[in-house]
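Dear colleague,

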Amino acid sequence: MVALRTKRTNNEADEPSSPVLRFGADKPLKLDAGTLLSPFQIAYKTYGTLNDARSNAILVCHALTGDQHVASTNPVTGKPGWWEVLIGPGKIIDTSRFFVICSNVIGGCLGSTGPASTNPATGKPYGLDLPIITIRDMVRAQLMLVDHFGIEKLFSVLGGSMGGMQVLQWASSYPERVFSALPIATGARHSSQNIAFHEVGRQAVMADPDWHGGKYFEQGKRPEKGLAVARMAAHITYLSEAALHRKFGRNLQDREALTFGFDADFQIESYLRHQGMTFVDRFDANSYLYMTRAMDYFDLAADHGGRLADAFAGTRTRFCLVSFTSDWLFPTEESRSVVHALNAAGASVSFVEIETDRGHDAFLLDEPELFAAINGFIASAARARGLSA
Amino acid sequence: MRQASAHDPEKLQTFRTGIMRQAKGTIMSVNHAQRVDLEVVADLIPPQSRVLDVGSGDGLLLELLQATKQVDGRGMELSQRGVNECVARGLSVIQGDADKDLKFYPDKGFDFVVLSQTLQATRNPKLVLDELLRIGKHAIVSFPNFGHWRVRLSLFVEGRMPVTKDLPYSWYDTPNIHFCTIRDFVNLCEELGATVEKATALDANGQKIGLSMPWWFWNFFGQQAVFLLKR
């Protein structure tokens with residue numbers, strides 16, 4: 001069973017079931033780590049049709065453990081796309097109107113070059129031989145994909161959490177390529193507390209004897225226990241105390257009384273174990289290390305002499321930021337500081353804070369107020385861009 | 001409003017309907033007579049201006065300005081509900097507090113900064129006005145006149161804090177913590193080195209009081225005032 005899963009993930013890494021764009025030695029990816037990644041590939045999905053003016057393209061950036069399958073069935077899990085509540089024909093992001101692109105980030109494990117991909121120099125998976133990937137590296141690769149489609153200016157770039165970081169990076173690095181930007185439940189830097197949680201996750205992975213210094217594929221193993229623990233800890237940060245209490249309270253799992261042991265007596269324990277177990281089926285442990293590191297390294301202000309407003313100097317992009325009251329991973333203050341920087345840069349910016357007890361994960365859920373905000377923002381941006389309804 | 005109505009009477013009608021909707025208190029407890037100042041404010045703003053509406057409420061002024069003057073309009077509003085409604089309608093609005101958040105805007109970043117019926121609800125009106133004059137090439141401020149004869153009468157005859165059609169709150173639950181009269185406001189402008197480019201007083205029926213009238217007359221009969229300032 002382990003071997004089967006190992007093989008499948010590995011295949012998806014090299015030969016994904018979605019379209020792939022391959023860049024040879026003539027087009028290396030310049031990395032912030034100071035090296036070039038070459039050859040490399042980007043796996044992506046598109047939905048809808050690019051119009052003749054190439055003005056209706058929306059780039060969706062996925063979060064830490066997301067992938068390119070944003071609005072169609074995921075080939076690994078068989079589950080619906082991770083943002084199908086928002087994106088699709090007739091949905092808020094209407095794919096009969098917009099051309100939606102979503103690519104697996106560099107460092108990911110579903111077809112874009114990442115630690116699970118085969119290193120052409122060795123014929124073995126990269127493992128930790130892959131240079132550290134940053135948010136800016138991910139965006140640089142996405143730009144090459146957007147160029148491939150001949151899209152001069154994206155109508156919109158949107159994403160939540162790590163996806164939101166990419167949105168901010170896009171708007172900062174390539175302002176002339178972004179007409180509107182929708183960073184959701186995110187921030188311009190990863191906080192100390194967030195880095196702390198990520199470090200716990202990474203240490204859990206690396207403490208698993210099956211990790212083998214990152215060369216687990218060669219041993220026919222996978223550090224499933226470590227990765228599951230990492231996911232369990234992280235999952236708590238995506239929820240809120242109120243939501244946990246509402247959903248699970250101190251309810252017992254399939255039993256009448258406490259067992260006076262270390263079994264999963266409580267529903268919340270059982271739930272977290274399930275989250276951990278299902279996660280390892282679909283995600284590569286090394287990729288998890290790279291993704292969390294990319295988020296930790298993100299600090300947009302630091303790239304601009306410590307002044308966040310300078311990251312957006314002269315921007316003409318229209319922004320809409322969204323935060324959630326119970327999100328303690330990216331609290332509203334993180335979004336607000338971006339808003340203040342955008343104000344200082346004279347940018348057009350909307351900012352909505354949505355009252356919910358569903359925590360950070362609210363951005364992935366059916367949140368009517370979130371949809372109303374996105375709908376209003378996209379509609380008015382489309383009018384300004386001259387896109388017909 | 002003359003300019004706007006000449007260009008697009010339909011949109012003006014929509015705007016008025018919006019005001020009436022407000023009047024019924026379904027959106028906010030602001031009544032018609034109070035919001036007539038929005039038309040006066042809109043009249044002061046030329047097309048294609050960059051406008052920041054501080055205390056933009058449910059976005060009526062921004063919508064009016066975008067529809068009739070094609071302005072590049074932004075809003076700041078204290079109430080999160082108001083903000084979310086505005087954004088859902090496609091307006092560029094952020095949640096913010098006039099007392100705290102104006103400092104983030106650059107000098108002269110806007111052609112016009114509007115503070116409509118909000119000055120009296122700020123903690124530090126002097127600082128807020130100072131910020132408006134810094135951020136905007138022009139500032140437009142409208143406020144209820146506490147020197148109006150009804151207010152004076154209420155205090156003089158009844159000896160009670162006035163509760164009128166325009167100032168419907170009791171003293172203990174009012175958000176309006178810094179009332180001023182038209183004269184007070186003119187003094188504050190002088191203190192801040194602001195030039196009054198234009199001033200309008202509206203009577204109880206929302207009609208403009210004649211320009212030729214002296215200040216004391218405005219201060220007595222003006223129910224609200226709209227000032228265009230610069231520094």
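**Two helices in chain A**

Helices α4(A) and α5(A) are roughly antiparallel to each other, a term used for angles over 145 degrees, because they pack at an angle of about 165°, with their axes 7 Å apart. Such axes are lines fitted to C-alpha atoms, for helices over the stretch in contact, and angles run from 0 to 180 degrees between N-to-C directions. Helix α4 covers residues 192-207 of chain A and helix α5 covers residues 224-238 of chain A; helices (H or I, at least four residues) and strands (E, at least two) are DSSP runs, numbered from the N terminus.

The crossing of α4(A) with α5(A) is right-handed, a word used when the near helix is turned clockwise from the far one by less than a right angle. Among the residues that make the contact are F197(A), V200(A) and G201(A) of α4(A) and L227(A), V229(A) and A230(A) of α5(A), where two residues count as in contact if their C-beta atoms, placed from the backbone, lie within 7 Å. By class, the residues of this contact are 11 nonpolar, 3 polar and no charged (Ala, Val, Leu, Ile, Met, Phe, Trp, Tyr, Cys and Pro count as nonpolar, Asp, Glu, Lys and Arg as charged, and the others, Gly among them, as polar).

Residues are numbered from 1 along each chain as its sequence is written, and chains are lettered from A and ligands numbered from 1 in the order in which they are written.

Chain A averages a pLDDT (the predictor's confidence in each residue, from 0 to 100) of 95, and 97% of the residues score at least 70. Over residues 1-10 of chain A, however, pLDDT stays under 50. Where pLDDT is low, the predicted coordinates should not be read in detail.

In chain A, 8 strands form an open sheet with mixed pairing, in the order β1-β4-β8-β5-β11-β12-β13-β14; two strands pair if DSSP finds at least two bridges between them. Strands β1 (20-23) and β14 (348-354) of chain A stand at the edges with a single partner strand each, so one side of each is left without a neighbour in the sheet. The twist of this sheet averages 20° from one strand to the next. Within it, β4(A) and β8(A) pair in the antiparallel sense over 4 bridges, and Y44(A) has S103(A) as its bridge partner in β8(A).

In chain B, 7 strands form an open sheet, also mixed, in the order β3-β2-β1-β4-β5-β7-β6, with β3 and β6 (195-202) of chain B as the edge strands. Strands β1(B) and β4(B) run parallel and are joined by 4 bridges, with V51(B) opposite F112(B).

**Where the chains meet**

The contact takes 16 residues from chain B and 20 residues from chain A. On the side of chain B that touches chain A, the largest share, 5 residues, comes from α5(B), and this side has 8 nonpolar, 6 polar and 2 charged residues. Helix α5(B) lies across β13 (318-324) and β14 of chain A, running at about 125° to β14(A), and within chain B it lies across β2 (72-77) and β3, running at about 160° to β3(B).

With best wishes

Key. Predicted model: local features only at pLDDT ≥ 70, side-chain atom pairs only at ≥ 80, totals over all residues. Parallel < 35°, antiparallel > 145°, perpendicular 65-115°, else oblique.
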